[in-house]
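The sequence and structure come next.

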Amino acid sequence: MILALVVLLPTLAGFALIAAAPDRRGELALAAGFILGATLALAVAAILTGDTLLIAWGSGIELAGRLTPLSAIMLILPPLVALPVVVRGALTEEGPGLPRMVGLLLVFVGGMELVVIADDLVTLLVGWEVIGAASWALVAHRWRDPDAVTSGIWAFVVTRTGDLGLFLALMATVAATGSTRLNALGELTGMPLVLVSAGLLVSAAAKAAQAPFSPWLFRAMDGPTPVSALLHSATLVAAGAYLVLRAGPMLGDGFGAGAMAVGATTAVAGGIVALLNLHAKRLLAGSTSAHLGLMFVAAGAGYPGVALAHLVTHAAMKSALFIEAGTAHELRGTYALDRLAIGRAVPVLTWMTLLPTLALAGIPPLGAAWSKEKIAGAAHDASTLATIAVVVAGALSAAYAMRFYVAVFSPGPDVDPGRIPSRAVLILPSAFLAVVTLALSVLWIPAVPNTIADRLGVALPPGSLGLFAASIAAIAAGAVLGIVIARRRADLGSNDTAAALGDWLGLPWLLENAVARPAVALARVLARIDDVLVDRGVHLGAALSRTIAHVLARIDDTVVDRGVRLVAALSRWLANAGDRFGEWATDGLPRLTAYLVGAAGGGVRRTQTGLSHHYFAILVAGLAVAVAVLSYGA
């Protein structure tokens, strides 16, 4: 019951807020904060009580919820990160439809909680679709802006395309095992295992903006800043990585190798794209794809605990950085890195944002640096190429993190004081996330991760001093590169080759020309075939049917109707004849009978003369007749 409430509370409350539409920001923020706080408390209670969920939905279909050690940690993350993000969004976001946005963010959290607790593929699919639909509505929140609507559709179509993989995995699992439970994935062999592995990997890659699905995340940047912060940290894209680390251990080496290949490719490509981007939110979006790629590498290498650790550290630091990107946009009215420079206007944020920036850069002793180094160790344990990719991705991460920080928080022109939010709104959410980022530094104390790993039943990769030194050197070089770019090439990515490469290395152009346009052309050809062949066949059939119907109608008029009329006329004649005969028979027979009786009576009456000799003569005659008859009989 508690596990069900973790899902139902934010979901139903989100719809209630949309319907009630409170018009005061304070009330909206208070309600959202209370709901997310209660959801967080329920999540903790569900973990402590070991609550489960089982709903019989239909014949052979059950909605099952259960927490594993890994999913228990994941259950806390969405409401914990959403709390400061949603409250700040309720207090600062402009424009109409604010209750709708806050309500949808709560539904978003409820959908993610359903994904986390799902113990079967049907429940997982329901939660998967809920967060997909909510993300579409949130990205297109400013529906009066045609670009935002188009971006929402773009993101929805791409992620939905990947969702087909989850449908394929569900059908293949049921066909092979007769069960929808996640544990059934461990029973798969042969072709069903290949289909399920491919389906889940495609679905996870699409949700997590991995290659080749990555460009949709740039389009999602048209959504409001709180949407971006939550989208990139604890909900939609995190769901892809969560699926890999949850299902990966049951699907074997083939799935792991595929996840590592996808993750390593995206980690490097996303890092390059982020570094070359002039748009602050797109820089962070490229960074999200890259770091989720690192999680794919760790999970594929057989270390889901490390992937989960990086998912947690990444959620805290990335949501903080998105909030600060939104603050910079509120103050300057642009996301262009070469025109932000808000350090003088909000000095307190300058120091506060340094923590999540250094965490994103992977600089010890912050927690994200620990998880990133463990990912390097996991890759080193599985593949040399993956190890090189992780080290390069770490260097790129340091480069774009430092470029972002220096560009956004360097001293710049004064800002209109009226554009600066109140100190509480400005500081509290960022301070909360900064404290969480700093608190995760305890992961560097060996006893802490070792104890957690023992409790979770997961392994940690062995350390390598040489690999650690190489990784730190790469990070240092990347950090210097990022600072140099921010100082000397502040407009890098504005209108040059870097801008073209920054658009996912031309992948959107490739998808447009290799997939979208051929698909549209094929659709037009099929539509033409439909018009020329199928429709004409239908029209010909309709014309033939009309002709046959016309002929049958004529036959009906000329043959059937005439026959009916002839039968009717014959029937009427017979009826009339019968009527006449009846009249003659019913009236004539009684009259004839009466006449005969009358005539007989008259004859008998004439024999009554009163003369005795007449009677004796009749008697003798009768006696003679009787004797004659008797004689003839003898």
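Helices here are DSSP runs of H or I with at least four residues, numbered from the N terminus. The model is predicted.

**Cavities**

Across the whole structure, a search finds three cavities of 30 Å³ or more. The volume of the largest cavity is about 60 Å³. Three helices, α3 (69–92), α9 (225–233) and α12 (304–332), each contribute at least two residues to its lining. Of the elements that line the largest cavity, α3 gives the most, with four residues. Among the lining residues are Val 85, Arg 88, Thr 225, Pro 226, Ile 323 and Glu 330. By class, the lining of the largest cavity splits into three nonpolar, four polar and three charged residues.

**Two residues**

| Residue | Helix | Relative accessible area |
|---|---|---|
| Arg 246 | α10 (residues 236–275) | 12% |
| Ile 47 | α2 (residues 25–49) | 28% |

Arg 246 counts as buried because its relative accessible area of 12% is under 20%. Its side chain makes a polar contact with the side chain of Asp 119 (3.4 Å). Beyond neighbours within four places in sequence, Arg 246 is in contact with residues including Arg 66, Thr 68, Val 116 and Leu 182.

Ile 47 is partly exposed, at 28% relative accessibility. Leaving out residues up to four places away in sequence, Ile 47 touches Leu 67, Ala 72, Leu 75 and Ile 76. Ile 47 and Ile 73 are separated by 26 residues in sequence, and their C-alpha atoms are 8.7 Å apart.

Terms used:
Residues numbered from 1 in each chain as written. Predicted model: local features only at pLDDT ≥ 70, side-chain atom pairs only at ≥ 80, totals over all residues. Heavy atoms only, no water. Buried < 20%, exposed > 50% of the residue type's maximum accessible area, 1.4 Å probe, protein only. Polar contact = N/O pair within 3.5 Å; in protein donor to acceptor, adjacent residues only side chain to side chain. Contact = heavy atoms within 4.5 Å. 1 Å grid on protein atoms, 1.4 Å probe; cavity = no way out; pocket = protein on both sides within 12 Å on 5 of 7 lines; lining within 4 Å. Points joined across faces, edges and corners; volume = space filled by probe spheres on them. Nonpolar A, V, L, I, M, F, W, Y, C, P; charged D, E, K, R; others polar.
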